[in-house]
Amino acid sequence: MRLLRLHLKFMAEEKELRYDPAAIEPKWQERWAAEPKLYAAEPATSGKPKYYVLEMLPYPSGQLHMGHVRNYSIGDALARHMWMRGYNVLHPMGWDAFGLPAENAALKNNTPPREWTLANIAAMKRQMQRLGLGYDWATEVTTCLPDYYRWNQWFFLRMFEKGLVYRKKSKVNWCPECATVLANEQVVDGCCWRHEDTNVEQRDLEQWFFRITAYADELLDGLDKLEGWPEKVRTMQRNWIGRSEGTEVDFFLEEVQGSEIRDQGSDKTRIRVFTTRVDTIFGATSVQLAPQHALVAAFTATDPDLHAKVAELLDQQKKAREAGDLGAIEKHGVPTGRFAVNPYNGARVPIWVANYILADYGTGAIMSVPGHDERDFEFAKKYGLPIVEVIRPAGQDTPAELPFLSEDGVLVNSGEYDGLSCAAAQELLQEAAARSAFGEAKVTYRLKDWGVSRQRYWGTPIPMIYCERDGLVPVPDEQLPVVLPEQIQITQQGGSPLGRVPEFVNTTCPKCGGPARRETDTMDTFVDSSWYFYRYTDAKNANAPFDRAAAQYWFPIDQYIGGVEHAILHLIYSRFWTKVMRDLGLVVNDEPARRLFTQGMVIKDGAKMSKSKGNVVSPDDMVARYGADATRMYALFAAPPDRDLDWQEDGVAGVSRFLGRVWRLVTKYAPVAQAGSSGTQDGGAAPTGLSLKLLRKLHQTIARITLDFEGRWHFNTCVAAIMELVNDLQAADAQLAAGEVPAPAMRELMRSLVLLLAPFAPFLAAELWEQVGGEDSVLHAPWPKSDPDLAKEDELEIPVQINGKLATVVRVAAGADAKTIEAAALGDEKVQSRIVGKTVVKVIVVPGRAVNLVVK
Ligand SMILES: [Zn+2]
Ligand SMILES: [Zn+2]
């Protein structure tokens, strides 16, 4: 009995000394939940500088993955740091809640999409709260709820009024078996995902488009000003917009005796090509058409053999497109047997159809100049087409090796244009084309208008009505929102799901009051995420998407954080949306975010985490085993935030052990730290000895971490710096226990250590802050300031190089001048032995950094 009691007592003591996140973390989670204002932004009148930190909102799949944990740990560390720096911080979270998976889940489990989605949101919100992420849930935005998507509809109507929304026929994927439209991700190897042996067809359907191309130039030019965005993202957007300046030129279709094509109107008598190098046009040896080009259909109509060959090209193009490999397609072409005439010199060139010519770029037709274009050269070699030199390096008598690609040259074999520079020739050739009305200068873009129609259920209904008398009628504002019906059978059959809900489809015309039909398409879910971050500034507004003054106060976003996979679509659409809102008078900023950070992926064993590979690490497991603090801190520690992170459970365990050491250290010295508050023991004397050594380390650590939060973001080295500091403190444990460091210094050391940890391990920091007698919440404690005098070393180690090679390291007083450093270097024994019998030609001293000797 006595033994047992002893054993229990021992266990209790042991427990007291053990870091136990499973006890600490739920305790604080509960306290924070009872304090909803803790992470709330203050009004603009707070007088504090504002800071808007935002992580990309997740799709509510039902489970956070490690990529989320990493993304949110970065944003949360930054938000906490800025709170401690005295900023008014907006740090919101929401849900990108519309989309296809909810419909697929409905099909699979017979759960209504809304129910499935809201349950997933609740589950993920629980996970986020367990992780201790400091979001202001009062501003939560859920895009699938009518109080949000009604504003998508409102924006759609405003854009319709401004001519930024229009309808046109466009291709969709159609499964004849399902009799419905498929999303791109539902097309698997060219077949329907539900009917593996049914080929998906392309059908023309009336679709809604946003005229994003109206902003193409502004979207492009604005990139130059986004200095806080990664260069790779800006480059990707530039390429996506794909502006190129060039010339459109008509090659005339050679008249064919008895041809019907000649009679079909003027657009069938010429082939308009787009080129950025009209100066090379005398070297064109063929004209090439995209397989979808209107003329090709005319050619193949009377030529079954050609028809079959073109069908093959189309097939190759489609396969490459599906594989996402269009740029690397193996080039094939077929001659049509027809000819076109170069308008500048009357040269007759064959017309080909080629699989690498894209119908939606330029005019869907090119002139092929093998002498001066890599791709054309390759194609001409393959098919034996002539290769003609028309540009020669300036001042050279003999041809350059072809293809010669540079524009730094002069024209040859180009008639009256011979001898002109490429630039001068381009200008004159453009003028000639305009004069004779067979062409013009032209700027083209790769960027296309944004097709937003989706023949899906789980999205924002498009607020348009079709009346037999009045045609297309926009839904009046006072009838918004057009609510998505909730009880609906998802069958993936027979067209748009909303089309099978008569209560939805049948309505009254707002103009004439007669019977009318609603549009049954819903909006692309990228619409939802294009402006959600404005809604956070005024999430409960029932009369407007948001209050202008609130948006003006908070925007632009100071730091946006998310995956690089959103570098193009999401970020271009949101930039477009901001510009539209600006032109509607809703905001004054041109761009949504001042700074963007794209974090690397979380991988496992060198591969992306995926169910099929069986290498998924669940955040819940990690939190259960090691705690939220260790999981979050590991996500920041294991790699620089912009690089990929290979998840190692050993590493999480290591961080957890480190946090245990911090916990024991601070717990042990908390009473001394508390006693240090009277501040009288040292009489204000400057610290010396061990105190000085530890305080110096502390202030160096503060300086380093503060700098990282100001933009370097090497959070991995921040955590490493805290570990070094803790090592130094632990190494001095015996002296600390003996009271060698006075209480005020102990107080500063312990409290600052806790404050430095707060952005990375918020639960442990809160617990320890209480122990060291911290007032209020650690979140409101001021971030420690580094004292540069205290952080400065007494002595510096200066490397000395002789003829570029490290010879030795000398110690000098910090702040020593160049002369003193030079004398120390030249007086060093190792240096002396190396320069004996030689001449020192030059001594270069970089004070505080290095000495270089040049010796002969
Ligand atoms: Zn199907
Ligand atoms: Zn009507």
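**Salt bridges, a buried strand and a charged patch**

Me: Which side chain does aspartate 76 meet in a salt bridge, N to O at 2.6 Å?

Reply: A salt bridge here is a side-chain nitrogen of Lys or Arg within 4 Å of a carboxyl oxygen of Asp or Glu. At 2.6 Å, N to O, the partner of aspartate 76 is arginine 632.

Me: Before we go on, what kind of model is this?

Reply: Residues are numbered from 1 along each chain as its sequence is written, chains are lettered from A and ligands numbered from 1 in the order in which they are written, and side-chain values use heavy atoms, leaving out hydrogens and water. Local features need pLDDT of at least 70, side-chain atom pairs count only at pLDDT 80 or more, and totals for chains, interfaces and linings use all residues, as this is a model that is predicted.

Me: Back to that pair: is aspartate 76 buried or exposed?

Reply: Buried means under 20% relative accessible area, exposed over 50%, and partly exposed in between (1.4 Å probe, protein chains only). Arginine 632 has 1% relative accessibility, so it counts as buried. Aspartate 76 has a relative accessible area of 0%, which means buried.

Me: Which residue forms a salt bridge with glutamate 25?

Reply: The closest N and O atoms of this pair are 3.0 Å apart, and the partner of glutamate 25 is arginine 130. The pair links distant parts of the chain, 105 residues apart, with glutamate 25 in helix α2 (residues 21-33) and the partner in helix α5 (residues 113-130). Helices are DSSP runs (H or I, at least four residues), and strands are too (E, at least two), numbered from the N terminus.

Me: Why is strand β1 largely enclosed by the rest of the structure?

Reply: Lys50, Tyr52 and Leu54 point one way from β1, and Tyr51, Val53 and Glu55 the other way. Strand β1 (residues 50-55) is largely enclosed because its buried residues number six of the six.

Me: What stands opposite tyrosine 51 in β2?

Reply: Strands pair if DSSP finds at least two bridges between them. β1 and strand β2 (residues 88-90) pair in the parallel sense over three bridges. Opposite tyrosine 51 stands valine 89.

Me: Is lysine 830 buried or exposed?

Reply: Lysine 830 is found in helix α27 (residues 829-835). Its relative accessibility is 52%, so lysine 830 counts as exposed.

Me: How many salt bridges does the structure hold?

Reply: Some share partners: Glu218, Arg575, Lys579, Arg582, Asp583, Asp590 and Glu591 are joined into one network. The total for the structure is 48.
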